[in-house]
Structure formats: C-alpha cells, structure tokens
Amino acid sequence: MTDRTQRRAVRLTVAQAVVTYLSRQYSVADGHRRRLIPAALGIFGHGNVAGLGQALDQLSDRLPFVQGRNEQALVHIATAYGKATKRHAALAVTASIGPGALNMVTGAGLATVNRLPVLLLPGDTYATRHQGPVLQQLQHPVEADASVNDAFRPVSRFFDRITRPEQLLTALPAAMRALTHVDTGAVVVSLPQDIQSHAYDYPAEFFAERDWPIRRPAPDADEVAAVARMLAEAEKPLIIAGGGVVHSGATEELEALADAAGIPVAETFAGKGAIQRRAWWQLGGIGLEGTPAVNALAREADFVLTVGSRLTDFATGSHSVFQNPDVRFASINVNVNDAGRLGATGIVADAKRALAALTDAVRANGTTTRANWRERVRALDEGWRGRRAAVLDPDTPFDFTSLPDGSDVVRDTDAALSQGQLIGLLQEHARSGDTIIAAAGGPPGDLLKVWDATEGRFAHLEFGFSCMGYELPAAIGVRFAEPDPSKRVLSLLGDGTFLMAPTELVTAAQERLPVTIVIPENHGYQVIHRLQMLRSGREFGNEFRYRDGGLEIGSGKPARLEGDYLQVDLVRTAAGLGARAIRATTADEVRTALAETRDHDGPVVLVVPVIPHADLPGAGVWWDVAPAEVSEQEAVARLRGEYEAGLASQRWYG
C-alpha cells in the first residue's frame with residue numbers, strides 16, 4: 001500500500017485548485033465525451049478578485065472567463081447553456097460577497113426549479129474572523145456562522161461552504177456528481193474570501209482528468225407492463241410531453257409511441273418542441289395557455305400519460321382540465337415524486353429508455369386507438385389550426401373593434417400589428433436550426449399556443465420559474481451552446497422585461513455574439529393587466545402611463561397612473577448598449593429587418609409596437625386565482641361569484 005505522505009503533491013491556492021480541477025472534468029453521455037465545465041462567467045469584487053480572479057487570470061487558457069454586467073443574468077446565461085446542451089455541460093459563475101452573491105439567488109432558484117445544471121462560486125465572508133465585521137457582512141444575532149450565502153440553501157440542489165483548503169477534496173467531486181445527476185439544479189460551492197487565497201499541498205491525482213457519466217435509469221419491467229395495460233384499456237388516451245422528453249433526447253421514442261398506438265400528444269412549456277414530426281397526433285400546448293382543441297380533448301380523455309413533467313397548475317388548470325370521471329393517470333419521470341403526480345401509476349426511469357420499452361409493449365399487444373377518437377382529435381385540431389392561421393396573419397389589417405375597449409387603447413402608439421401577427425412574422429422567418437426563447441409575460445404563453453416548433457424550429461420556453469430578465473441572457477447561453485451563426489437565436493420579450501434587465505446586451509456586444517432580441521412594445525405588463533381585469537375588473541399599476549398631476553407622498557392627493565403612455569425610446573437604449581437596433585411598425589418593415597439582420601455578427605434588437613390588449617384566443621381553461629372575498633367595488637363581487645362557480649371544476653385525483 002502506498003503511504004499517502006509519499007504521494008506527489010501540488011501546492012496551489014484554493015482558487016487555483018478549483019479552476020484547475022474544473023478544467024479537467026468531463027461528462028460522458030451516450031458515448032459522447034465533452035468538457036463538463038468549459039468556461040466561467042463572473043463579476044469581480046473584493047470578495048473574489050484576489051482569489052478566484054487571480055486563478056482565472058493565471059489559468060485563462062484552461063478555463064476561459066466571460067465578463068458580465070449583472071450576476072443574476074450571468075446565472076441565467078449558464079442555465080440556458082445547460083438546457084441547450086441537454087444538461088451535458090454547465091458553466092461556472094462567480095460573484096463577490098454580499099449583494100453580488102445574493103444577486104445570484106434568483107438564478108439559482110430558476111435553475112433548480114427547472115432541474116438544469118449551473119455551478120455557482122460565490123465569495124463569502126472571512127473564515128478566520130481576524131478582521132472583525134467586514135464589508136458587506138451580515139451579522140446574524142444568534143447564528144454567528146451565518147452569511148448571506150445561506151440564502152442559497154433552499155434554492156440549490158447542493159450546497160457546501162469551504163472553510164479549509166483540504167475540504168475541496170470531497171466538496172468538488174460531490175459538486176460534479178450533483179451537476180451530472182438526473183435530478184440536478186444549482187450547485188453552490190461557497191468560498192470565503194480569505195480561504196480562496198490559502199495554499200495547500202493537494203494530491204496530484206486529484207487533478208487528473210475524470211469522466212462523469214450522465215446516467216439513464218432503466219425502467220422496471222413490471223411498471224412498464226402496468227402502464228401498457230392501462231393504455232390498452234383506454235378508449236380516449238392522451239400523452240403530455242414535458243421538459244424531460246427534451247432533456248433526455250427522447251423525441252424519436254415519443255414519436256414512435258404516438259405513431260404506433262395512435263395517441264395524440266400535447267406539450268407543456270418545457271416540452272414545447274418535444275415532437276418534431278408533423279402528424280395528426282402532434283397537437284401543441286395544453287393548459288392555461290394551450291390550445292382550445294387540446295384542452296377539449298383533455299376534458300374527454302380517460303387515460304393521460306405524462307412524460308417528464310411536474311404538471312404545474314398552468315398545465316392542469318389548477319386540477320380542473322381533466323373532467324372525465326373515469327380518467328386514470330400514468331407518468332414517466334426520473335423523479336419518484338413527479339412520477340406519482342395526480343395519483344399516477346409511475347415508471348421511474350429515463351424518458352428515452354422508458355418510452356422505448358413502452359412502445360415495444362404496445363406493439364406486442366397490438367394496442368391502437370379507436371377510429372372515432374382519432375377522428376375527434378383531427379376535427380378539433382383542424383378547427384383550431386384555421387383560427388390560428390387567422391390570428392397570425394400579418395397581412396390582414398387588425399380589427400380594432402375586436403378590442404375590449406375599442407380603438408381608444410392605441411392612443412399615443414403607432415401600433416399596427418398585434419403580438420399574434422408579430423409571432424406570425426417570426427414563424428414565417430424561422431428556419432430549421434433556429435431557436436426562439438421566452439420566459440415571462442405574454443410571449444411564452446402565446447408561443448406555447450401558436451408556435452410551430454416542429455422540423456427543427458426549436459422553442460426554449462422557461463416557465464417553471466417564469467423569471468423576468470431570463471430571456472436576453474438566455475440567448476447568450478444558447479448561442480454559447482450553438483456557435484453556428486446560420487442558426488438564429490432569438491428572444492421574444494416584452495418591453496417590461498427588457499426595461500428590467502437590458503444590460504447583458506453589452507456582454508453580447510463584447511463577445512460579438514449574433515443574438516436577436518425582439519421586443520413587442522405594448523406599454524406595460526399586459527399579461528398581468530389581462531389577469532387583473534379578469535379578477536378585479538379595473539386596471540391598476542400595470543400599464544406604463546404618466547401620473548397626471550404628479551405624486552405628493554403623504555398628501556392624500558389621489559394621483560393615479562392614468563395619463564398617456566410613457567414615451568420610452570427602446571431603440572436608442574438598445575443602441576447605446578451596443579446592439580444594432582431597429583424599430584419596425586408594419587409587416588413589411590418587420591420582414592425587411594429580420595432578413596437584413598440575419599447575418600449580423602453581434603446583437604440585434606428589433607422593437608415592434610404592438611396593439612395593447614389584443615390577445616390570442618383563449619384556451620378555455622379555469623385558473624385558481626381568487627378575487628377578493630370582500631370588496632367595496634361592485635365588479636369584484638361579481639367576479640368573485642364567477643370564480644366560486646369555477647371551483648366546481650377543480651378535482652382531487654389522488
């Protein structure tokens with residue numbers, strides 16, 4: 001046996017050891033080996049510049065560094081990269097102590113909710129404590145060892161704080177296991193400022209190249225057989241495809257099952273694009289922002305198979321969509337808890353392997369759906385596709401009389417297109433290999449409802465956390481994962497989201513990244529305005545309007561935000577941040593702008609004024625958002641009554 005004292009040692013600081021170790025880790029999935037952590041992103045402050053900053057400088061040839069503008073946005077870049085690589089690779093993100101670290105917490109929550117791998121390396125306050133309270137240190141009154149980094153614990157898949165250099169020997173391998181686990185998320189290794197610069201004699205073999213397999217858990221034969229029997233007994237089956245289908249690369253297996261058994265397939269937000277073939281059984285979105293055709297079928301279904309989804313309230317209409325009294329559920333998921341949603345019979349396994357096994361069982365049993373169910377599916381879907389084509393048609397002038405408040409809403413705007421018509425233009429322009437991104441507000445719901453994500457027109461919808469500010473940095477993450485400039489990366493985000501977090505345009509310009517940001521300018525948080533009108537009957541604080549008369553806080557003067565729409569020049573804002581910025585009002589102007597900027601070698605921002613309150617057709621689904629139970633406003637009492645009537649559709653499934 002070799003004496004550990006005789007092993008060759010390498011003397012490095014903690015920060016140098018972290019960077020060296022990360023540069024030599026690889027993931028292996030389906031026979032493909034790649035760098036697990038190919039780059040780091042960050043913003044330096046006093047809490048990480050002398051430690052990680054020095055190490056990243058010294059070892060920049062091994063781990064490239066991307067400079068950012070906002071720590072939360074950098075985590076979003078990394079999360080989108082993890083999703084675009086199908087969780088086979090992750091990016092590291094570093095920030096300084098205090099506010100820099102806390103800025104990453106929202107991004108960590110998003111990554112963990114969506115089960116996407118990111119490695120966060122926040123600076124932390126001194127472990128030695130010789131310095132007394134230090135800059136940006138939180139002093140907890142009864143937990144002396146607490147720091148703001150403890151806020152990461154509930155939103156991370158793995159958390160560790162390094163207070164001695166040798167702790168890296170177990171902490172870093174544990175972090176890699178968490179990043180490559182099927183149930184991954186944000187992985188946080190908290191690094192106190194002083195410890196980053198402390199040195200230690202690490203075993204040389206610790207820095208040898210290491211492979212981390214991304215496993216595909218195999219399905220249990222009995223579980224597959226049980227679901228196959230349920231499917232054979234069903235008269236009106238429906239499949240719901242979630243993000244797990246995409247992460248697993250199980251598109252072909254899902255298509256084979258749908259084709260073999262003649263089962264219609266609906267998609268969640270994360271599952272958008274899970275089906276790539278155009279076929280009668282390829283239906284589109286389900287739930288609150290799904291298509292009315294899919295939701296009608298869901299109400300009739302007597303068997304629902306969910307693949308790779310948590311089934312949030314948007315997909316199930318707060319447990320109101322599935323109305324057949326005899327409906328039964330089954331689920332394929334790597335997470336045992338998600339496999340049991342709605343009292344489902346679960347197959348706890350990788351989606352690709354489980355779908356292949358289930359398809360074999362279906363073929364062996366000769367299972368297929370009845371002709372009347374297939375005809376019902378075709379009829380409802382064809383009816384919806386006709387309506388879809390009409391609302392996306394950009395060349396038919398919009399009918400302003402269809403608006404809930406007539407044409408008055410367009411005062412102070414030059415909008416000629418609806419958001420639906422803008423999406424129609426983007427659909428017309430999209431090619432195989434292009435990716436469209438959305439996360440918050442109206443765009444993700446509209447894309448779920450009407451976007452054709454087949455034949456390689458990928459959709460990257462983040463609606464697990466629905467985080468405003470994700471879309472623009474996500475375009476950078478997707479572009480890092482897909483460097484081919486002929487494949488357009490486009491984010492669709494509202495003006496409210498853009499105004500919240502536009503600064504990573506500077507990063508895109510600095511890195512000369514071809515990404516396109518399309519902003520439908522509708523003067524407010526209009527999707528919440530719509531919900532507000534449905535639940536209180538009055539607009540308050542959601543549109544971007546001037547305050548008439550000014551605000552005198554404490555005076556009791558009733559000054560409301562009810563003036564004209566704000567005049568904000570989004571084009572000049574984007575141009576000032578380094579983008580090629582264009583304003584386009586008509587359909588032809590949008591077409592020209594998209595065509596002329598497709599080969600631009602940096603960020604493009606296209607601002608298109610769209611008609612406020614011009615929504616796509618409703619999905620016909622109830623949602624559990626309760627109006628006030630007591631109110632002096634007459635409209636609220638009426639809407640409360642409608643809400644309580646809707647409660648009758650809500651069910652418990654087990």
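## Strand S18 and its side chains

In this predicted model, strand S18 covers residues 435-438, and its side chains point two ways: Thr435 and Ile437 to one side, Ile436 and Ala438 to the other. All of these residues are buried.

## Partners of strand S18

Strand S18 pairs with strand S19, which comprises residues 458-461, in the parallel sense over 4 bridges. Within this pairing, Ala438 stands opposite Leu461 of S19. Between the two strands, the chain passes through helix H17, formed by residues 442-450, and this β-α-β crossover is right-handed.

Strand S18 is also joined to strand S20, residues 489-492, by 3 bridges, and these two strands run parallel. Here Thr435 has Val489 in S20 as its bridge partner.

Another part of the chain holds strand S9, which spans residues 186-192 and includes Ser190. Is Ser190 buried or exposed? Ser190 has a relative accessible area of 0%, and because buried means under 20%, Ser190 is classed as buried.

Which residues are in contact with Ser190, leaving aside its neighbours within four places in sequence? They are Pro122, Asp124, Asn149, Phe159, Asp160, Arg161 and Ile162. With one of them, Asp124, the side chain of Ser190 makes a polar contact to the side chain at 2.7 Å.

Notes: Residues numbered from 1 in each chain as written. Predicted model: local features only at pLDDT ≥ 70, side-chain atom pairs only at ≥ 80, totals over all residues. Heavy atoms only, no water. Buried < 20%, exposed > 50% of the residue type's maximum accessible area, 1.4 Å probe, protein only. Polar contact = N/O pair within 3.5 Å; in protein donor to acceptor, adjacent residues only side chain to side chain. Contact = heavy atoms within 4.5 Å. Pairing = 2+ DSSP bridges. Right-handed = clockwise from strand over helix to strand, strands pointing away.
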